[in-house]
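Here is a short briefing to read alongside the model. Take a look at the sequence and the fold, then work through the points below.

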Amino acid sequence: MSRMSRANAILAALVLLLGLGAPALAEDEHPGHLMVLPDQLEWKAVASMPAGARAAVLEGDPSKEQDFTMRIEFPANYTIPLHTHPAVERVTVLSGTLYFAVGDTFDRQKAQAVPAGSLAVMDAGVPMYGFTGDEPVVIQLNSTGPWGIEYLNPDEDPRQASE
């Protein structure tokens, strides 16, 4: 391959990787490949979390036994009560700072600041909690379904109000 051909191939690969080229690829057009651009996200309220959180599923189905990726947006001054999840949770903070801790007692002083660019991995069944400060936070969550959240204090479960 000539030097120019190699340079063009590298440039084309970078354009695709950075999402600067064609619109997102649908899975049915190219099986096994998925590209999701920010303007394609469908943000929806999260019934299992206190009011104000919104989520967008990027890939997979959190209700099924499969890997999935979703983003969750929390408003400023938001609290995520003590809870557990049924599978390992991998959280990447995309924007803002999430304050996060493990333990079965909510204590703001024990929470660690997890700024944008950070990764937090929590084991299944481990009690945890979090909150935001004066800015909104967007996280990306990767895990395996079926996904769920169980609050240590059932009175803090927003689904109880609708039953």
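Helices (H or I, at least four residues) and strands (E, at least two) are DSSP runs, numbered from the N terminus. From that end on, the elements of the protein run α-β-β-β-β-β-β-β-β-β-β-β-α, giving two helices and eleven strands. This is a predicted model: local features need pLDDT of at least 70, side-chain atom pairs count only at pLDDT 80 or more, and totals for chains, interfaces and linings use all residues. Residues are numbered from 1 along each chain as its sequence is written, and side-chain values use heavy atoms, with hydrogens and water left out.

**The open sheet**
- Five strands make an open, antiparallel sheet in the order E7-E6-E9-E4-E11; strands pair if DSSP finds at least two bridges between them.
- At the edges are strand E7 (112–115) and strand E11 (150–151), each pairing on one side only.
- E6 and E7 run antiparallel and are joined by four bridges.
- Phe100 stands opposite Gln112 in E7.

**Burial and contacts**
- Of the 163 residues, 31% count as buried, meaning under 20% relative accessible area (1.4 Å probe, protein chains only).
- Among contacts (heavy atoms within 4.5 Å) between residues at least 6 apart in sequence, 67% join residues at least 24 apart.
- The protein exposes about 10000 Å², and carbon and sulfur atoms supply 54% of it; the areas come from the Shrake-Rupley method with a 1.4 Å probe.

Terms used:
Buried means under 20% relative accessible area, exposed over 50%, partly exposed in between (1.4 Å probe, protein chains only).
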